Every structure is written in C-alpha cells, then in structure tokens.
Amino acid sequence: MSLSPLVTSRAELADRLAAVRREGKSIGLVPTMGALHEGHLSLVDASRRDCDFTVVTIFVNPTQFGPDEDFRRYPRTLEADLTLLAKRSADLIFAPPTDDIYRPGHGTRVAVGAVAEPWEGRIRPGHFDGVATIVLKLFHLVPADRAYFGQKDYQQTLVIRRMAADLDVPIEIKICPIVREADGLAMSSRNAYLSPAERVQAAALSRSLRLARQLVVEGVRDASAIQSRMASVLGEAGIDHIDYVALVDPDTLAELPEITGPTVALVAARVGTTRLIDNEILRP
Ligand code: AMP
C-alpha cells in the first residue's frame, strides 16, 4: 500500500522520516507557507536533484506576521498546492495545524542579531524572530541533510544561515535563484493580492533592479546615483510608497557608498496595500 504524501501530525512525520533514514536515503527540506508557485516549485526541483527524499512543509507561521499584517488573509490553497507537488514528485508534504506547532505554553523566540536588524527587520519588528523560530523548529522536526530557500527573500537567507551556523544546525543551507514572471515580477504568493492595474505597476520593482544592473555594467559606481535612478523607475510607475531602495554588502547588509565588488540591490515597496520585495546581486 502506498502512503499518502500529506502528513499533518508530528508523530506520523517522525515515523515516516525514521523509515526514510533506515533506508539510508538523504532528505531535502523545502519550507513554505503554501499558495505555491513556480518559485517554490524550483526549490522542490533543486531538492529532488540533490536528495533522495524531498519534504515540503506548508505552514502559515503566525509568529512572523506583525499585528497589522496579513496573517488572516494570507492565501491558503492546500488542495491546489498538493496537486502541484504531486506533479513535481515531492515525496512528503507536512502541513500541521497551527496549535500542533505552537503548543500551549510556547514561549521561546530565536533572535538572530545584527543581520536581522536593518531593512525588513526595521519595518517588520519581530518578523525575523518568527522566521528563525519556525525554521529552527522545522529543522528539528525534519532532520534533513539540506534545506532549500529562495534568494527572493535575500535578508531571510542571511538570517537563516546565521541562525544555523550559530546554533550548530547540521543541515546544509542551499539558496536558489529568483523565479520571475515574464515581465520580471518576482513570483510571490502575495502577488495574488494585486489588482490588474497594480500588477502592471508591480513590474517596476524588477525594472528598477534591471536598471541598476545596467548602470553597473555601464560603469556607474556611485550608489546614490543608482538608488535615485531606481527610485525614479518606481515613481514613474506610480509607486509612491517606497520602504527602501538600497545597495548593500552581500554579507552584512551594510549600505555601500560605492560599488567596488559584489553588491546586493534591495527594493521594498507597497503597491496599493500589497508589500513587495525584490533584489538582485550586482557584480561590477
Ligand atoms: P514563502 O512561502 O513565501 O515563505 O516562501 C517559501 C520559500 O520559497 C522561501 O525560501 C522563499 O524565498 C522561496 N521563494 C518565494 N518566492 C520565490 C521566487 N520567486 N523564486 C525563488 N524562491 C522563492
């Protein structure tokens, strides 16, 4: 009898993974909040290439949402997600109930430090504590060989790498490229919130990043000149709520005045009520 790929209880998860381990198989973990798109599925593909057994987790993690954020309305599309994951041959999907992950009395939060403080950390206080907490819990629940994350959430990748290194997590962290729509918009579950007009505006984020790359290719090295051109692209598209446009050190996220080596261009803006982020690694 073949086992259902969907598992909702921690006990069954532990049993199933113990059996996988007994067979000597390597395990890949892909943590998600569901509402899956090709960005998520690219992580599944990467895990399937590297590992014998791929576990996808689907859990909308309440502790990473601020009180005024979209936890309640975040898209939840489990049936469609399971269909997509069956097509991509994920081996096991762990979709636990919230109160089985945060059980009565839960009090611990993982605070990662400096790399979690600027940019998203400043605008979404507590967000990265929530991310680090859930990812560490998932690392314990799914003792994988490798775990897959998207460069789409650039600062998050640094937070997770820092947490895993600091807390001696024996899981290799793999970062996969950003998957984009045809017009460049980075795929995101939150794109579903955009009206047709906002969807057109949203393409300006990736356009601003392409412009930054182009300017660096042309030899521009002054970060503030690049930033202001990026902001103009957003402004011309009618995006008037920019959280930040920044050129930063890829490891520390400190702002750089001049492009002298690999630099990450970060952009975060609100399109209507939807907050979008994107980034690109610039190499002079
Ligand atoms: P989320 O469900 O938004 O928490 O995302 C789960 C994982 O998918 C995270 O590691 C994200 O960085 C990654 N991800 C989300 N969007 C994309 C994308 N467009 N390309 C690549 N990875 C992505």
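**Exercise 1.** Find the bridge partner of Thr32 in S3 and place the strands in their sheet.

*Solution.* Thr32 is bridged to Ile58 in S3. This comes from a predicted model, in which local features need pLDDT of at least 70, side-chain atom pairs count only at pLDDT 80 or more, and totals for chains, interfaces and linings use all residues. Residues are numbered from 1 along each chain as its sequence is written, and side-chain values use heavy atoms, with hydrogens and water left out.

Next, take the strand pair: S2 (residues 27-32) and S3 (residues 53-58) are parallel and share 6 bridges. Strands are DSSP runs of E with at least two residues, helices are runs of H or I with at least four, and both are numbered from the N terminus. Two strands pair if DSSP finds at least two bridges between them.

Then extend to the open sheet, whose 6 strands run in the order S1-S4-S3-S2-S5-S6 with parallel pairing. S1 (6-7) and S6 (172-176) are the edge strands with a single partner each, so one side of each lacks a neighbour in the sheet.

Contact means heavy atoms within 4.5 Å. Axes are lines fitted to C-alpha atoms, for helices over the stretch in contact, and angles run from 0 to 180 degrees between N-to-C directions.

**Exercise 2.** Describe how H6 and H7 meet.

*Solution.* The axes of H6 (residues 127-141) and H7 (residues 154-166) come within 10 Å and cross at roughly 55°. The two helices are therefore oblique to each other; angles under 35 degrees count as roughly parallel, over 145 as roughly antiparallel, 65 to 115 as roughly perpendicular and the rest as oblique.

For the residues, H6 contributes Phe128, Val131, Ala132, Val135, Leu136 and Phe139, which meet Gln155, Gln156, Val159, Ile160, Met163 and Ala164 of H7. By class, this contact holds 10 nonpolar, 2 polar and no charged residues. Ala, Val, Leu, Ile, Met, Phe, Trp, Tyr, Cys and Pro count as nonpolar, Asp, Glu, Lys and Arg as charged, and the others, Gly among them, as polar.

**Exercise 3.** Locate Glu117 and list its contacts beyond four places in sequence.

*Solution.* Glu117 lies in the loop between H4 (98-101) and H5 (120-123). Its relative accessible area is 48%, so Glu117 is partly exposed (buried is under 20%, exposed over 50%, partly exposed in between, with a 1.4 Å probe and protein chains only). Leaving aside neighbours within four places in sequence, Glu117 contacts Arg122 and Gln155. The C-alpha atoms of Glu117 and Phe128 are 8.5 Å apart, with the residues 11 apart in sequence.
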